[in-house]
Amino acid sequence: MNAHHALEWLPSYLVPFVSLSYPTPPPVNPDSFHHSAYYKTGVLDGCFIITCIAVMAVLRDVVRIFVLEPFARWKLTRAWKRSNSCHVQQNGNKNGITNGNGHAGHANNDSKPKSVMSARESRKIHRSVLRFAEQGWSAIYYTLQWLFGFYVHRNLPTQALKPTELWLNYPHSPLAGPLKLYYLTQTAFYLHQILILNAEARRKDHVQMMTHHILTIFLMVMSYFCNFNRIGCLIMVLMDWNDIFLPIAKMFRYIGLYTLCDITFTWFLLSWFVARHVLFVIVIKSAWFDGPRLISVGWVPELGHYYSERTYNTFVYLLVALQIIQIVWFWMICRVAWRVISGQGASDDRSDDESEEDKKSQ
């Protein structure tokens, strides 16, 4: 409530864009976030999401252009200079062997250092710089958001291995401020990702990514307004955990740290399997069986009770569809893992397709 008083100088139509809407008195005996402000849900929450998208767009460009791209360009340029210097030294050693009179042989032109990189090398470095920066933003976002989500999850009376607690005391309304903020920022991120996917050059997995993001947004919005927020929070924490490591693995690959790339990718593979094909399946099973067992089926909007047969079926089917997409991705990831085992190094089959120009230059 204090935040709204502090914003009284703003026009009323701007307040929803910079603060959480629908403040309400806290529950009499809350089971979590005892000292937090509480909020209801409503369409004005979309205003705050719009602001979050704008902030994320600015932050993404600032971090990419002024931090990640300069670092990657410096690292790759230094690596190119070192590689060029070593190449020159090796050629000099080969061509500078002394003859029988003790005079050194003349080095050929190959031993002269290259002062300017070729167009092909420049394009390759530029592409790696851009890709490094893109993945760097993803790594930063998922790390920070997972930490925030884990904090929210830890303060809720729920556990991944005890999913029945996700449904007890339904409906879970109103929402604590941190939980509401977590939901809105996550929704903003995936909407922002959809904008990026359609603005940038298409990758090999464009259709799968678009389908995944649309399903994810639909699930988040549905769980938000139907008060399935505890299962929604748990799922987002599970998904974000392993999404930290794939961009980091790609970052290592783009700057030539291939051993670290393979190690990180292996950890990503293990964390993906545990989070998305073990723990997430447990959550789906709970939504399928525990939900209707522990919650009375009914549609009572004035009580925040939206657990009807239709919402139950829709929610479960969407979770299953999300799992099917992840199974397809896991098969692709396993193909990459086979390349690591066979010594070919990690490269992600799901994305980062090279442009035709890059392929022709190779």
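Tutor: Arg 293 and Asp 290 both belong to helix H9 (residues 258–294), three residues apart, about one turn of the helix. Helices (H or I, at least four residues) and strands (E, at least two) are DSSP runs, numbered from the N terminus. This is a predicted model, in which local features need pLDDT of at least 70 and side-chain atom pairs count only at pLDDT 80 or more, while totals for chains, interfaces and linings use all residues. Residues are numbered from 1 along each chain as its sequence is written, and side-chain values use heavy atoms, with hydrogens and water left out.

Student: How far apart are the closest N and O atoms of Arg 293 and Asp 290?
Tutor: They are 3.0 Å apart, and the two residues form a salt bridge, that is, a side-chain nitrogen of Lys or Arg within 4 Å of a carboxyl oxygen of Asp or Glu.

Student: Is Asp 290 buried or exposed?
Tutor: Asp 290 is buried at 14% relative accessibility, whereas Arg 293 is exposed at 55%. Buried means under 20% relative accessible area, exposed over 50%, and partly exposed in between (1.4 Å probe, protein chains only).

Student: How many salt bridges does a search of the whole structure find?
Tutor: It finds eight. One of them pairs the side chains of Asp 31 and Arg 230, at 2.7 Å from N to O. Asp 31 lies in the loop between strand E1 (23–24) and strand E2 (38–39) and Arg 230 in helix H7 (residues 229–243), so this pair ties together parts that are 199 residues apart in sequence. Asp 31 is partly exposed at 35%, and Arg 230 is buried at 7%.

Student: Changing topic, what does the secondary structure come to?
Tutor: The protein chain has eleven helices and three strands. From the N terminus on, its elements run α-α-β-β-α-α-β-α-α-α-α-α-α-α.

Student: And what share of the 362 residues is buried?
Tutor: Buried residues make up 49% of them. As for contacts (heavy atoms within 4.5 Å), residues 24 or more positions apart account for 75% of those with a separation of 6 or more.
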